[in-house]
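Subject: Structure handover

Hello,

Here is the structure I promised to pass on to you. Please open it alongside this message, and my notes follow below.

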Amino acid sequence: MEQVLAIWGEHALRGEAFRNFPLTISDGARQCQVLLSGKGFPAGVAPSEGFSGFGSCVGVSDAVPFLQQEPAADRLFEMVKEVGQAGYILRDAETGRFRLLGPLRQIVDPDSDTVSVEDIRAGLLAADIERFDAVWAKECEVGVTEEVELRFGRDFYDCRHVLFELQPPAVSETSPDGLFAVYRDVTEQRGAETTLEQVEKIAGIGHWYSWEATQSTYWSEALREMFGILEWSAEARNRHYFWDSLMHPEDVPRCRAEREAGIKEKRDYGIIARAHRLDGRMLWVKISGHPLFDRDGGLMGTMGTIQDITPLKELEGQVLQRDKWFKRAQRLGGIGHWTFERSERRIHFSEQAQEIFGTEGVDRFTFAEARKRIHPDDRELLRVIQHKASAGDSGFECQVRIFRKDGSIAHLLVAGEFDSSESGGLERTFGTIADVSSQVVVEEARRDAEALMSDVFENADCGILVRDLTGCFIRVNTRAAIQLGLRVSDVLGHTVEEVISKCDRMEDAELLFDAASKIVATHGSVTYDYSYRSGGDARATEFRVVNFPIAGPDGAVRAVASMRYDITDFVNAQDALKQLNEDLESTIRARTLELRQSEERFRNIASASADWLWELDADLNFIWCSETFFEATGRKREDYIGKSMAALVTDEERLVDQRDVWSTFLGKLEAREQVRGFEIERHHPTGIRTIRINAMPVWSDGVFAGFHGSTADISELKQTQAQLIETDRLASLGGLVAGISHEINTPVGASFTVVTKLMATLSDIQASFLKGKVSQKHFSRFLAELDEGLGIIHRGMERTSELITHFKQVAVDQTSLKRREFELSETVSDIVTTMAATIGRRSVKIETHVPEGIRLDSYPGPLGQVLINLIQNAIFHAFDENSVKQDEIDRIVVAGDFGRSGTVTLSVTDNGKGMAPNVVRRVFEPFFTTKFGSGGSGLGMHLVYSIVHGALGGTVSVSSKQGKGTVVTVMLPIIAPENVGREAVIES
């Protein structure tokens, strides 16, 4: 017991919380075991050296001598009852009366040791009797622990609040008596709570407690009312209810983090967050929390307050909104404000003022810093402002120039008011600042415009008179005075009648007044012409006068202005123009006759021409055709005129393989592109004919008007060209035959000579043998000659066999034009070997760089023809026969390799004299040659282009520079395209 009381006392001294401390109390006859929980109040904190808490009885039995309290313990317990205002009630089972221990005895009946139920009821307030009866009946019937708070006293304002915990009867065989109740006087707590609730309602604050062990929480009534919680349910008591159900989801992570940080660091924490009431209305709340720890540092819970700061937030929002409006108004108005605090000796700028002053991000300056930004010529204004402040003026307004950061000059309008202290000295200056640079520019522009208009008015090429509505002239330029033969002073300030009386050059006053009346009535202009003669025989001077109104700010006509133009030259020019028009009409009639004759001549020429001439409109419809057009097509005029070209050409008029070509042609017409040398094959009663089309788009003032075109039948030309190409191909093959024959003749002739010599030597050796005169020396010499001769014959025959083999394959390919698989390196080798034999005495070296393993499924004959033509063309054109290079020999290199995407690249390169750019552009044109009349037909390279793009399905290109040689690049597919029709044409 002493140990328990000692621990209990330590808590009292330290002001720490305690829970379930066991204690046995007794009155000498009975003893009771209780569990106490509460919080101690350390010395110096009211109530002094005591406890605040509750106790519960766990059993009553007879007192045991060794459990009697020691005097020190009894004193401590009495102190607990006195300081803590707590006690208990024992019921005597025999008498049914109750023994009150503690402060309740003084409240109910201080003169009696025991009281009855009626005595207790008599001390209650009338409002609590019914509740006491209900609890009493329930206690007697059910026998469960019940907690109830009752008020003892005369009225509501003079009563004591006592919190009872009624215990169930615990009568045993050994003890008929038992603990009826434990209680505590909570009058002070209830008074404090009432005061707290009133304070909370006034301040909009509620408090809460949260216990970590039970994960539950307590909210004050003000706090529950704040969130509209009418029923304090088990769900609401959960510690996480506020975080999960009431706080705004976006604020939960931040608030939890702040709470955890406060607990971790064992400090108070504060949070401002959004939450909502149960009716959905959003609140801004300020949460102030304090974590509670036990003596071991473990978290017991948290406590704190929640304040509704929604009105403050709304007020803050209104202030911020008004501040935004104020800043917006300053920005829209181009005005900022500033304050000069004399005590600080600094000028404070608003954001807009910073932008205007050109010092964004710097909100304050010393007077000296601001002075440096002002233009030197305007710094004197600062002294003027200081003088005004010293003189007691209320304020100032001036315009100054400042330097911006970028070096530009801005014009600012600065205004301020002086605030004086009670002693009369300057305390501060408040003012505004506005950028008036644009206004200054406008004002300068206005002045410039006025000066310009004055110059224009004075230097205009017409006379200008301005008169008010009374007829008095108020503005006159010099030219007008000269036109009237007067001085400016003779007109300015005088009326119309006065000016007319001085000169005879002005129109009648009636014209002037009628014009003024019409202008005032209609606000429009009035124009009229008049003339005058300065002498009897002099030509008349013609004037045109344009009168227009000058309106005031209200729109009413204030004056009439007259612009007077001398149109004498114009009238004379009109007369001359009239005569010119008559002459021009006569010329046009004659020219029209010539055009008709020219048109007739053109039509006759078009009818006589072999070409078909035609014309299309912007919609590609025929609008004219020559007579040969209808003769060639076998159609009538009405079949074409007004009809579309695309609609008139039917599928029967096109070859099957010409669809793409025809579509390309129509595409060029639709794209308004020029068509030159476009060849198309078409059906004709006499067979398939080839036509060549040329068309030129016609534009009129940038607008497409149609096409002018011509069509020619070139079938005979194509046939002749094909024959020439075939002749050229056979000629090249004939050249190969001649070259090979010459090359074979050398080894054959040598072999024949050696055989003749060997036959003579053999005849000699035979004669000597028959005579028996063959010596060993003679026979050895014969064998040596025979060995040497047979070697020469063998080498000659090998060379001959090699030439015949290569030529045989080339000749077969050239004549058969059949498709087969072949090794590219072998075909190139055969061609080069054969061509090397035809060079003769030309010192040209032919090299090949074609790797093995490149197999093509193509046409070796056409490919050989391409190589033969390229090599012959290089030999014939690239190298002059008599030219000799000092640094290198003439060389032709044939190279091949795999290309991209299933192709093979074959190139023929020479180091000859190269070609000019204009020659490169035309090298593939038929009949184009640079050695016309010297053996060049102009078909070799055209034949190369036709074969490569035709049967071989590839492409060919040429690059060359003069003096640097030429490279012809052929790109072929490994598998030639299937084209039976074209292959048949080639064979034919």
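Let me start with a pair of helices. Pro-862, Gln-865, Val-866, Asn-869, Leu-870 and Asn-873 in H27 meet Gly-940, Met-941, Leu-943, Val-944, Ile-947 and Val-948 in H29. Sorted by class, this contact of H27 with H29 is made by eight nonpolar and four polar residues, with no charged ones. Do keep in mind that the model is a predicted one.

As for the geometry, two packed helices are described by the angle between their axes and the distance between the axes. Here H27 spans residues 860-878 and H29 spans residues 940-949, and their axes come within 9 Å, crossing at roughly 150°. Angles over 145 degrees count as roughly antiparallel, and H27 and H29 are therefore roughly antiparallel to each other. The crossing in which H27 passes H29 is left-handed.

Next, the aromatic residues. The count of aromatic pairs comes to 15. One of them is Trp-219 with Phe-242: the ring centres are 6.0 Å apart and the planes stand at 70°, so this pair is edge-to-face. Trp-219 sits in strand E11 (residues 216-219) and Phe-242 in helix H9 (residues 241-246), so to speak of sequence, the pair links distant parts of the chain, 23 residues apart. Both partners are buried: Trp-219 has a relative accessible area of 4%, and Phe-242 has one of 8%.

A second pair is Phe-396 with Phe-418. Their ring centres are 5.7 Å apart and their planes are at 35°, so the pair is tilted. Phe-396 belongs to strand E18 (residues 395-403) and Phe-418 to strand E19 (residues 409-420), so the pair ties together parts that are 22 residues apart in sequence. Phe-396 and Phe-418 are buried as well.

There is also an aromatic cluster to look at, formed by Phe-152, Phe-164 and Tyr-183.

Finally, some totals for the protein. How many helices and strands are there in the protein? There are 30 helices and 37 strands. Of the 988 residues, 37% are buried. Among contacts between residues at least 6 apart in sequence, 49% join residues at least 24 apart.

Happy browsing, and do write back with any questions.

Best wishes

Methods. Residues numbered from 1 in each chain as written. Predicted model: local features only at pLDDT ≥ 70, side-chain atom pairs only at ≥ 80, totals over all residues. Heavy atoms only, no water. Axes fitted to C-alpha atoms, helices over the stretch in contact; angles between N-to-C directions. Helix = DSSP H or I, 4+ residues; strand = E, 2+ residues; numbered from the N terminus. Parallel < 35°, antiparallel > 145°, perpendicular 65-115°, else oblique. Left-handed = near helix turned anticlockwise from the far one by under 90°. Contact = heavy atoms within 4.5 Å. Nonpolar A, V, L, I, M, F, W, Y, C, P; charged D, E, K, R; others polar. Phe/Tyr/Trp six-rings, centres within 6.5 Å; stacked < 30°, edge-to-face > 60°. Buried < 20%, exposed > 50% of the residue type's maximum accessible area, 1.4 Å probe, protein only.
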